[in-house]
Amino acid sequence: MNKKLIFEYYSRLLDKLIDEHDYFKYYFQDPTTQLFGRFHENGLRIRCGIFRGCLISNNCDYVVKFPLSETGEECCEREESIYDDALADGLDSFFVEPVYIGLYKKEITYYSSCEIDEYYSDCEYDEEYYTECLNTFKNDLEQYHTTIRIPLFAYPKAMPFSRGYEEASEDIKKYVSSSSSLLRNEGTSDEVACAFVADYGIEKFEELSLFLQREEVDDLHRNNVGVLNGKTVIIDYAGCI
């Protein structure tokens with residue numbers, strides 16, 4: 001991973017986003033909420049979970065996550081620690097590697113997000129609605145010089161997980177049904193656990209399961225796994241901290 005190139009690439013995308021969209025001049029001053037909705041423009045997508053947002057470019061092999069709160073930054077730092085432990089145990093191939101690539105900074109002149117929040121509280125991304133609302137109260141506000149600061153963490157881009165339980169062999173289904181692995185996420189079917197067994201074998205699956213238990217990694221549903229280099233990997237493993 002070339003951290004410098006990835007940081008510069010996503011910094012240019014953020015510059016363009018903030019320069020061209022008043023909404024993001026507001027939002028990125030204090031990105032503490034799960035706002036989206038779905039933003040998709042010129043090959044750039046933004047998705048948000050509970051604690052982190054994610055920038056996804058069609059033209060880059062890495063995605064970049066940014067915290068939505070102090071907890072979000074702790075999530076990325078926790079994943080760095082877990083990945084280091086997995087590397088030491090020879091289990092790093094199960095995880096996408098998180099790397100802190102830098103602090104994005106941009107000076108802007110705009111209304112204070114704190115003052116806007118007194119009038120505007122919609123957490124769904126809708127730029128037209130935001131502009132309409134802003135026009136009703138912006139005369140009561142002043143513009144200030146401020147600096148946007150966003151910690152950025154890069155991860156290899158994985159393809160979405162799409163395997164179904166029915167695709168697993170009967171032997172794998174039988175083995176998984178008797179397993180107590182954390183990969184058998186409560187409330188879901190066993191397609192994730194079956195995929196790991198099929199891709200890595202029972203011995204490695206059991207090593208991974210013990211590792212996840214030791215690291216207290218949970219919340220391993222199908223949206224937190226993906227496919228990288230043809231194999232199932234865990235793409236979000238901070239757990240519900």
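The following legends describe close-up views of a predicted model of a single protein chain.

**View 1. Overall architecture of the chain.** The chain contains eight helices and nine strands. Its C-alpha trace extends over about 70 × 35 × 30 Å along the principal axes. Of the 241 residues in the chain, 47% are buried.

**View 2. The largest nonpolar core.** This core comprises 39 residues, and those with the most contacts inside it are Phe-24, Tyr-27, Phe-28, Phe-66, Ile-116 and Leu-152. Two or more residues are contributed by each of the helices H1, H2 (22-27) and H5, and by each of the strands E2 (44-48), E4 (62-67), E5 and E6 (143-156). Helix H1 gives the most to the core, with seven residues.

View 3. Asp-15, Asp-19 and Lys-106 are joined in a network of salt bridges. The side chain of Lys-106 meets that of Asp-15 at 3.7 Å, N to O. This pair links distant parts of the chain, as Lys-106 belongs to strand E5 (residues 99-111) and Asp-15 to helix H1 (residues 3-20), 91 residues apart. In the salt bridge between Asp-19 and Lys-106, the N to O distance is 3.1 Å. Because Asp-19 lies in helix H1 and Lys-106 in strand E5, this pair ties together parts that are 87 residues apart in sequence. Lys-106 has a relative accessibility of 14% and therefore counts as buried, the cut-off being under 20%. Asp-15, with a relative accessible area of 27%, is partly exposed.

**View 4. A salt bridge within helix H8.** A search of the whole structure finds twelve salt bridges, and one of the pairs described as meeting in such a bridge is Glu-207 with Lys-204, at 3.6 Å, N to O. Both residues lie in helix H8 (residues 202-215), where they are three residues apart, about one turn of the helix. Glu-207 is partly exposed, with a relative accessible area of 29%. Lys-204 is likewise partly exposed, its relative accessible area being 31%.

View 5. Asp-126 is placed in the loop between helix H4 (113-117) and helix H5 (127-137). The relative accessibility of Asp-126 is 38%, so this residue counts as partly exposed. That value falls between the limits that define the class, since buried means under 20% and exposed means over 50%.

**View 6. Val-99 in strand E5.** Val-99 is a residue of strand E5, the strand that also holds Lys-106. With a relative accessible area of 14%, Val-99 is buried. The C-alpha atoms of Val-99 and Tyr-83 are 9.9 Å apart in space, and the two residues are 16 residues apart in sequence.

Definitions and conventions. Residues are numbered from 1 along each chain as its sequence is written. This is a predicted model: local features need pLDDT of at least 70, side-chain atom pairs count only at pLDDT 80 or more; totals for chains, interfaces and linings use all residues. Side-chain values use heavy atoms; hydrogens and water are left out. Helices (H or I, at least four residues) and strands (E, at least two) are DSSP runs, numbered from the N terminus. Buried means under 20% relative accessible area, exposed over 50%, partly exposed in between (1.4 Å probe, protein chains only). A salt bridge is a side-chain nitrogen of Lys or Arg within 4 Å of a carboxyl oxygen of Asp or Glu. A nonpolar core is a set of buried Ala, Val, Leu, Ile, Met, Phe, Trp, Tyr and Cys residues joined through side-chain atoms within 4.5 Å.
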